[in-house]
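Here are some notes to read alongside the model. Keep the viewer open and go through the points in order.

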Amino acid sequence: MMIPVCRLADLPRGEAFRLETDPPVAVFHTEEGELYAVDDTCTHQDASLADGWLEGCEVECPLHASKFDLRTGAVDAPPARRPVRTHEVVVEDGMVHVRLSAAAPGPPSCAAGRLAGGAG
Amino acid sequence: MRAVLVVGASLAGLSAARALRAQGYDGRLVVVGDEPHRPYDRPPLSKEFLAGRADEAALVLEADGEDLGAEWLLGARAVTLDPGTRGVGLADGRAVTADGVVIATGAAARTLPGAAGPSGVHTLRTLDDARALRADLARGGRLVVIGGGFIGAEVASTAYALGLDVTVVEAAPTPLSGPLGETMGGVVSGLHADHGVRLLCGTGVRGTEADGGGRVVAVVLADGRRLPADTVVVGIGARPCTDWLAGSGIELGDGVLCGADGRTGLPGVVAVGDCAAWYDPAAGAHHRVEHWTGALERPATAVAALLSGGAGGQRAPRPPYFWSDQYGVRIQFAGRAAGADTVTVEEGVPEERDVLAVYRRGGVPVAVLGMNRPRSFTRWRKQLAAAAS
Ligand SMILES: Cc1cc2nc3c(=O)[nH]c(=O)nc-3n(C[C@H](O)[C@H](O)[C@H](O)COP(=O)(O)OP(=O)(O)OC[C@H]3O[C@@H](n4cnc5c(N)ncnc54)[C@H](O)[C@@H]3O)c2cc1C
Ligand code: FES
């Protein structure tokens with residue numbers, strides 16, 4: 001399912017957008033200009049990764065510092081132990097869309113978030 | 001470097017072992033810890049674990065399948081460090097000699113002065129402490145918490161949720177005024193009254209009273225008042241575990257005195273985590289940072305300094321950060337409140353315990369406090385880090 005998120009122009013680099021789907025999805029625009037989408041809720045406790053500390057292709061959970069690789073969803077170290085699900089990001093006519101993963105929410109997924117919006 | 005010994009097998013020790021391997025060290029690695037347990041996470045001990053919402057498996061700090069190629073000597077206490085050989089003597093008579101030593105012995109809960117208390121009086125630092133306290137809280141009744149700091153407040157909040165009748169006793173006029181300052185200390189400790197937990201401030205504790213069976217029945221305050229209690233928690237802070245370093249030549253103050261990269265005065269020896277007082281150039285003083293994230297992150301800096309002999313030009317650590325969960329409110333703090341001359345509320349309403357407050361010194365932000373405001377908190381925290389580096 002393709003879901004429109006926001007205009008690319010409204011999502012500056014270094015920022016994240018929280019999409020109120022069920023479960024919620026976080027879309028990140030990295031300082032390098034890449035776009036990634038992952039399930040928004042940390043796999044440790046109830047924290048929104050869109051509120052986290054974005055650095056390179058990693059987001060650090062805003063509460064307890066587990067880091068998730070936005071490309072794979074992989075987590076670096078406990079307290080979080082499970083990866084987050086990744087989703088594909090597509091930009092069309094200046095609009096950011098997310099194609100929700102078909103994987104079941106929660107359990108491990110290795111699908112890589114697609115690099116988009118790399119130019120400029 | 002062919003052998004590195006890490007003393008202390010908790011968060012800071014594990015993070016040091018990880019950092020050694022991540023930075024390419026492939027020699028012998030020995031980790032010594034005096035608890036019998038593999039590294040586990042302490043923050044849940046006053047929260048989810050104490051409440052019975054998390055089991056022991058959830059406390060494990062190692063990732064599934066993680067193998068650092070280390071020799072683990074658990075249930076072994078280090079008692080001496082020989083400055084000449086960097087040999088560490090263990091209580092059981094064994095000795096381990098290494099080219100590099102990482103001191104990560106953390107801190108131990110302070111106890112009330114005097115003889116060991118009656119049964120039903122607890123401190124909370126280790127898994128074994130938490131198991132014992134959890135069993136006592138399950139009896140219900142009246143809990144008196146001595147000390148209104150973060151651990152005391154979290155235990156009070158957890159016990160309140162479990163249905164106990166809770167009183168918190170604090171010697172200072174306002175709890176948390178050390179870490180948060182008077183105003184915000186008052187806002188955060190206002191959470192107790194919001195939930196009908198009694199908070200008695202400005203009074204010390206004379207001692208505890210026990211029944212004939214040696215079980216606590218009351219806490220006696222300095223002013224003579226007597227608070228009946230079925231269980232008591234003493235949450236009056238922690239002292240660094242550095243006794244074993246006496247005679248090693250390492251400089252000790254409130255913790256192991258280190259440079260801004262964790263190096264001690266003894267070549268080949270660094271200190272990390274709750275036992276270490278790193279030099280903070282911004283404050284011009286040594287500080288012990290007793291928080292989880294410091295014990296997680298700073299070992300990478302110290303290990304880089306150890307492996308390079310101090311030639312590394314290490315990246316400055318991020319400003320201290322901690323979180324606390326009380327009465328369902330997420331409290332986050334970064335930076336240092338001491339030395340701030342103003343505190344302003346930037347978002348939210350203090351009375352609603354929904355607030356983002358910024359501490360400034362001469363107009364420059366030095367610390368930030370958030371209650372239930374993770375997003376703006378992270379922004380401010382990043383800004384503080386950028387300003388500090
Ligand atoms: C109940 C509780 C709740 C907490 N909640 C929070 C929170 O919400 N947020 C936050 O930021 N921080 C929190 N903290 C603080 C955080 O847990 C500590 O900062 C962190 O554990 C420090 O790690 P460390 O490895 O330096 O020390 P420690 O975890 O104290 O570990 C030191 C280890 O060294 C061992 N040791 C000591 N002496 C010797 C010796 N001579 N020989 C061998 N081994 C020795 C000890 O047995 C211990 O296992 C909490 C702490 C406690 C106790
Ligand atoms: S909630 Fe994300 S690491 Fe704890």
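How many residues of chain A are in contact with chain B, and how many of chain B with chain A? Some ground rules before the points. This is a predicted model, so to speak, where local features need pLDDT of at least 70, side-chain atom pairs count only at pLDDT 80 or more, and totals for chains, interfaces and linings use all residues. Residues are numbered from 1 along each chain as its sequence is written, chains are lettered from A and ligands numbered from 1 in the order in which they are written, and side-chain values use heavy atoms, with hydrogens and water left out.

1. Back to the opening question: 20 residues of chain A touch 24 residues of chain B, where contact means heavy atoms within 4.5 Å. The area buried between the two chains is about 1,900 Å², with carbon and sulfur atoms giving 44% of that. Buried area here is the accessible area (1.4 Å probe) that two parts lose on being put together, summed over both. On the chain A side, Trp53(A), Leu63(A) and Arg81(A) lose the most area to chain B, together 34% of what that side buries.

2. What holds charges across this interface? The rule finds 5 salt bridges between chain A and chain B, a salt bridge being a side-chain nitrogen of Lys or Arg within 4 Å of a carboxyl oxygen of Asp or Glu. One to look up is Arg379(B) with Glu15(A), at 2.9 Å from N to O. Strand 2 (15-19) and strand 5 (53-55) of chain A are the elements that give two or more residues to the side of chain A touching chain B. Strand 5 of chain A gives the largest share, 3 residues. Strands (E, at least two residues) and helices (H or I, at least four) are DSSP runs, numbered from the N terminus.

3. Over all chains, a search of the whole structure finds 35 salt bridges. Within chain A, have a look at Asp40(A) and Arg18(A), whose side chains meet at 2.6 Å, N to O. Asp40(A) sits in the loop between strand 4 (35-39) and strand 5 of chain A, while Arg18(A) is in strand 2 of chain A, so the pair ties together parts 22 residues apart in sequence.

4. Where are the cis peptide bonds to check? One joins Asp22(A) and Pro23(A), with omega about 0°, and Pro23(A) is in the loop between strand 2 and strand 3 (25-29) of chain A. Another joins Pro78(A) and Pro79(A), with omega about 20°. Pro79(A) belongs to the loop between strand 7 (67-69) and strand 8 (86-92) of chain A.

5. One more backbone spot: Asp93(A) has phi near 50°, a positive value in a residue other than glycine. Look for Asp93(A) in the loop between strand 8 and strand 9 (95-99) of chain A.

6. Over in chain B, there is an open sheet of 3 strands in the order 13-14-15, with antiparallel pairing; two strands pair if DSSP finds at least two bridges between them. Its edge strands are strand 13 (205-210) and strand 15 (226-228) of chain B. Val219(B) stands opposite Leu227(B) in strand 15 of chain B.
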